Amino acid sequence: MPARPAPEPSKGARAEAAEASPKSQIPSPKSQGPTPKSQSPGPRAESPKPKTGHVAAPAAPGVRRLAREVGVDIDEVQGTGPQGRIAEGDVKEHARRILSSVGTSRGTSERAASPLPDFERWGEVERQPMSNIRRTTAERLSHAWNAIPHVTQFDKADITAMEALRKKYREQVEKAGGNLTVTAMLVKVIATAVKQFPQFNASLDPQANDIIYKKYVNVGVAVDTDRGLLVPVVRNADQKNITDIAIEVHQAAEKARSRKLTLEEMSGGGITISNLGGIGGTYFTPIVNWPEVAILGVSRGIIEPVWVPAVGQGGPVGPPSSAPAGAFEARQLLPLSLSYDHRAIDGADAMRFLRWVVEAIEQPFLLSLLG
C-alpha cells in the first residue's frame, strides 16, 4: 500500500518554523539564478543609514555611552532636562523600569526555554511532586531574585556582653513562656534600627514611581520546618519588650512546625531575619523577601581574638579591657549578612544601618535609650 502523503503544514506551523529557523527564509544563491549586474552587491556599509526624518536623541556623549553599557536604547528614554534633553538619571530610571516590568516574565520564559535532559540515561531516578509550600517558595524567590537588584554586605558583631545578658535572664523568660534566643533579641534590635533608618522598612511601587514608607514596624522571622521555610511576622515589634518578643517568636515557631500557622500570620512584614546560626556557617547571601527591601542573615557565633583597648581609650568592639595597655581577648563574634534592594537603598546607607545594628548588639543599653 503506498504511503499516504503528509498533510500540508498550517499557516501557524509554517510561521513557527520560520521563526525557529530564520536562515531558512533566505533563498540560496542557486535558487535565485544568475544575479543581474545591476543588482550586484557593492562594498558593505559600516553603519546603517538613519531613517528618513529620524532626529537624534538630545544627549551628551557620556550619557549615550552609559545607555550602551546598560543596554538601553537611547531613543526610547524620556528626557527630563531642558527641551527634553536626556541626563544620566533618565537612563538609569529607564533601566529600572525595564528591570521591574520584565523580572517575572523573564524568569518564566527562562524556565520554559530550558528543558531538562533525560536523567534516566545515566541511572535510576525518582520524581516527587513539589509540596504547596515548596512550590510557593520557589515562585516567590524566583520573582524576588529577578525583580530585585540584590547587594549583600557583611560585618561582625561582638555578642559577648549580649550572651552574658541572655544567659542571665534566660530562665526568667522561660517562666514567662518564651525562649530568650539571639533571634528574639535581634528582632528588637532590628525593630529599633528601622525607626532610625526608615528606608529599610519600605516597599517600592515601580508602576507609580513611589517608595512606600511604613509607619508600623513588623519583623518577619524565617523558621525552618520539615515542609520548608515559613516566615511568621512579629507585629508592632517596636512597641514590645524583649520578653514579649521572645514569647511571640517561640509560639510562632511552634505553630509553624506543627502546621498551625495561618497565612495572615505570615503577612505584612517590613523586614526579615534569617538565622542559620543553629546549623552553622559563616556568611551567606539571603534573598530579600519581596515586597520588602531588606533581610538580615545571621550565622553561627565564633570565638576570635580581638584587640580590646585599655580603660579610657574606648574602642569599636566590646567593653574596655582591664589591662593597662589593652590586650587581645577571646570574644564571641556574630557574622551578619545584610541583603537589600539597591533601587531603594544606597550602599552607604546600608553600611550605616549595619554598623548601627552592630553597635546596638555590642551596647545593649542603646535599645533602652532609643527603643
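This is a predicted model: local features need pLDDT of at least 70, side-chain atom pairs count only at pLDDT 80 or more; totals for chains, interfaces and linings use all residues.

Student: OK, and how does strand β8 run relative to β9?

Tutor: Strand β8 (residues 271-275) and β9 run parallel, joined by four bridges. Within that pairing, Ser274 stands opposite Gly297 of β9.

Student: Is β9 mostly covered or open, then?

Tutor: Covered: five of the five residues in β9 (residues 294-298) are buried.

Student: Which way do they point?

Tutor: Ala294, Leu296 and Val298 point one way from β9, Ile295 and Gly297 point the other way, and all are buried. In a regular strand, side chains alternate between the two faces of the sheet.

Student: Switching to the surface. Which residues make the nonpolar patch?

Tutor: Leu116, Phe119, Trp122 and Val125 make that patch, about 470 Å² of it. Leu116 sits in the loop between α4 and α5.

Student: Why does Leu116 count as exposed?

Tutor: Because its relative accessible area is 65%, and the cut-off for exposed is over 50%.

Student: And which residues form the negative patch?

Tutor: Asp118, Glu120, Glu124 and Glu126 form it. Asp118 is in the loop between α4 (88-112) and α5 (132-147).

Student: How exposed is Asp118?

Tutor: Asp118 has 43% relative accessibility, so it counts as partly exposed.

Definitions and conventions. Residues are numbered from 1 along each chain as its sequence is written. Side-chain values use heavy atoms; hydrogens and water are left out. Patches are made of residues with over 30% relative accessible area and no salt bridge: like charges are joined within 9 Å, nonpolar side chains (Val, Leu, Ile, Met, Phe, Trp, Tyr) within 5 Å. Accessible areas come from the Shrake-Rupley method with a 1.4 Å probe; for residues, only the protein chains shown count as cover. A salt bridge is a side-chain nitrogen of Lys or Arg within 4 Å of a carboxyl oxygen of Asp or Glu. Lys and Arg count as positive and Asp and Glu as negative; His and the chain ends are not counted. The place of a charge is taken as NZ of Lys, CZ of Arg, CG of Asp or CD of Glu. Helices (H or I, at least four residues) and strands (E, at least two) are DSSP runs, numbered from the N terminus. Buried means under 20% relative accessible area, exposed over 50%, partly exposed in between (1.4 Å probe, protein chains only). Two strands pair if DSSP finds at least two bridges between them.
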